[in-house]
Amino acid sequence: MEIFSQMPNSTDSKGEIIAVVIGQSEDIVSFETYEVFTTITQCAVKPVLFLVGIPSNVLNCVVFWRQGVRDPMNLCLFCLSLADLLHMTFLFVQSVIGPFVEFQDKVLGKEIYHKTSAYTKWFSVEMYSMSGCISLVIAVERCVCVMMPLRAVSIISTRTTGMVLAVIYVITQLGFIVNIFNYDVVAIKDNHTDQVIGWTSLPSKLWQENLVLFTTIQRLILLTILPFGIFVGLSVATAVTVVRLKAALLWRESTSSSSSQSSGQQRALTKMLVFVSCLHIVTAAPQLVFIITVSLVSDFNFGGRYENTFEVVAAAKGVSAMVNSSFTFVIYYRQSSRYRRALRHLCCWTKPGDEESTKCNHSTTF
């Protein structure tokens with residue numbers, strides 16, 4: 001499919017006109033502020049998050065795999081790290097490769113950007129939603145362990161956990177995969193020379209014919225109800241876990257001067273997982289603000305009176321999601337001595353006094 005420009009070589013003048021119109025609008029955020037924010041985000045913030053998030057999640061996957069995914073919690077943490085890794089990797093493909101190619105060939109860079117965004121963005125969004133669902137499963141598991149410690153082992157088995165994660169993945173996959181049919185990537189050609197001067201994305205014919213169905217699945221269920229459900233579920237489960245865990249600790253302190261090693265390990269694990277849940281809750285807040293604002297403010301969209309603000313908030317929620325996918329390893333390292341030992345052994349960061357400090361045996365299972 002092709003779109004023919006009616007004004008050849010007018011791309012720059014169009015950009016100037018748009019900039020003037022936006023700059024003179026009643027938007028809360030000026031066009032200059034939007035440009036500065038975008039530049040900082042694209043050139044500084046996102047590259048740092050990619051450099052941190054992709055390698056750290058690779059390490060997380062290796063550590064939790066080697067510790068053994070037959071344990072329900074290790075299985076959840078491995079799947080969480082894998083989802084975050086895929087989320088960051090596909091974001092990197094979408095937001096870095098095309099713009100980088102533009103330095104050498106602007107038309108080719110635009111083509112790569114639009115095609116990668118149109119055909120892979122759905123998967124990165126799905127992986128972020130999958131990450132939230134796994135975080136919710138972890139929070140519920142911890143809540144059950146605190147509420148019913150004697151029955152938790154029988155209720156939450158590795159088999160049950162695996163089935164729940166598989167069902168979540170299949171459902172989200174079926175829902176988000178329709179995004180592939182949203183847009184057609186089309187060439188913009190000069191109507192005199194027939195030369196390709198740019199690329200853009202337009203709503204596909206299939207999308208237009210099934211607008212109500214696709215909009216209901218994507219925007220209402222997957223991008224509105226699901227994020228709010230995860231946020232509320234995480235908040236409630238985490239709050240209940242914290243309250244009951246605090247009460248249990250106070251009871252143990254009043255009845256005994258010491259606690260068993262296993263209960264101490266469970267408290268440490270619960271504390272670590274509560275921090276993981278809190279990280280997702282905090283970083284999900286901008287997404288919920290964005291959803292609410294889009295629903296309540298009619299001009300908060302592309303082409304609306306508050307387009308600059310819309311773009312800034314959309315970018316902020318994207319960065320916030322990247323932070324969630326990049327810094328869980330900090331929580332694991334600071335809160336889990338087992339994770340630290342496994343990571344040090346894996347990377348040969350052994351110290352005098354540590355087990356097997358004189359030898360790095362990578363065949364050991366943790």
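Analyst: This is a predicted model. One of its salt bridges joins the side chains of D299 and R305, with a distance of 3.6 Å from N to O.

User: Are D299 and R305 buried or exposed, or in between?

Analyst: Both fall in between. D299 is partly exposed at a relative accessible area of 26%, and R305 is partly exposed at 36%.

User: How many salt bridges are there in the whole structure?

Analyst: The search of the whole structure finds four. Among them is the bridge between E111 and K115, in which the closest N and O atoms are 2.8 Å apart.

User: Why are E111 and K115 about one helical turn apart?

Analyst: The two residues are four positions apart in helix α4, which covers residues 106–147, so about one helical turn separates E111 from K115. As for solvent, K115 counts as partly exposed, with 32% relative accessibility.

User: What does E141 pair with?

Analyst: E141 forms a salt bridge with R142, and the closest N and O atoms are 2.8 Å apart. E141 is buried, at a relative accessible area of 10%. R142 is buried as well, at 5%.

User: Changing topic: how many cavities of 30 Å³ or more are there?

Analyst: The count comes to two.

User: Which residues line the largest cavity?

Analyst: Its lining consists of Y128, S129, G132, L222, L226, P227, I230, H280, A284, Q287 and L288. The elements that contribute two or more residues to this lining are α4, α8 (211–255) and α9 (261–296). By class, the lining of the largest cavity has seven nonpolar residues, four polar ones and no charged ones.

User: And which residues line the second largest cavity?

Analyst: That cavity is lined by I138, A139, R142, A237, T238, T241, L273, V274 and S277. Here too, α4, α8 and α9 each supply at least two residues of the lining. The classes are five nonpolar, three polar and one charged. R142, listed in this lining, is also the salt-bridge partner of E141.

User: Now the rings. How many aromatic pairs does the structure hold?

Analyst: There are 13 aromatic pairs. One of them is F64 with Y332, an edge-to-face pair with 5.1 Å from centre to centre and 90° between the planes.

User: Which parts of the chain does the pair of F64 and Y332 tie together?

Analyst: F64 lies in helix α2 (residues 31–67) and Y332 in helix α11 (residues 328–335), so the pair ties together parts that are 268 residues apart in sequence. Both F64 and Y332 are buried.

User: What about W122 and F123?

Analyst: The ring centres of W122 and F123 are 5.6 Å apart and the planes stand at 75°, so this pair is edge-to-face. The cut-off for that class is an angle over 60 degrees. W122 is buried, with a relative accessible area of 9%, and F123 is buried, with 13%.

User: Which residues do ring pairs link into a cluster?

Analyst: F64, Y332 and Y339 are linked into a cluster by ring pairs.

Notes. Residues are numbered from 1 along each chain as its sequence is written. This is a predicted model: local features need pLDDT of at least 70, side-chain atom pairs count only at pLDDT 80 or more; totals for chains, interfaces and linings use all residues. Side-chain values use heavy atoms; hydrogens and water are left out. Buried means under 20% relative accessible area, exposed over 50%, partly exposed in between (1.4 Å probe, protein chains only). On a 1 Å grid over the protein atoms alone, a cavity is a set of points where a 1.4 Å probe fits but cannot get out, and a pocket is an open set with protein on both sides within 12 Å along at least five of seven lines; lining residues have an atom within 4 Å of a point. Grid points are joined across faces, edges and corners, and a volume is the space filled by probe spheres set on the points. Ala, Val, Leu, Ile, Met, Phe, Trp, Tyr, Cys and Pro count as nonpolar, Asp, Glu, Lys and Arg as charged, and the others, Gly among them, as polar. Rings of Phe, Tyr and Trp (its six-membered ring) pair if their centres lie within 6.5 Å; planes under 30 degrees apart count as stacked, over 60 as edge-to-face and the rest as tilted.
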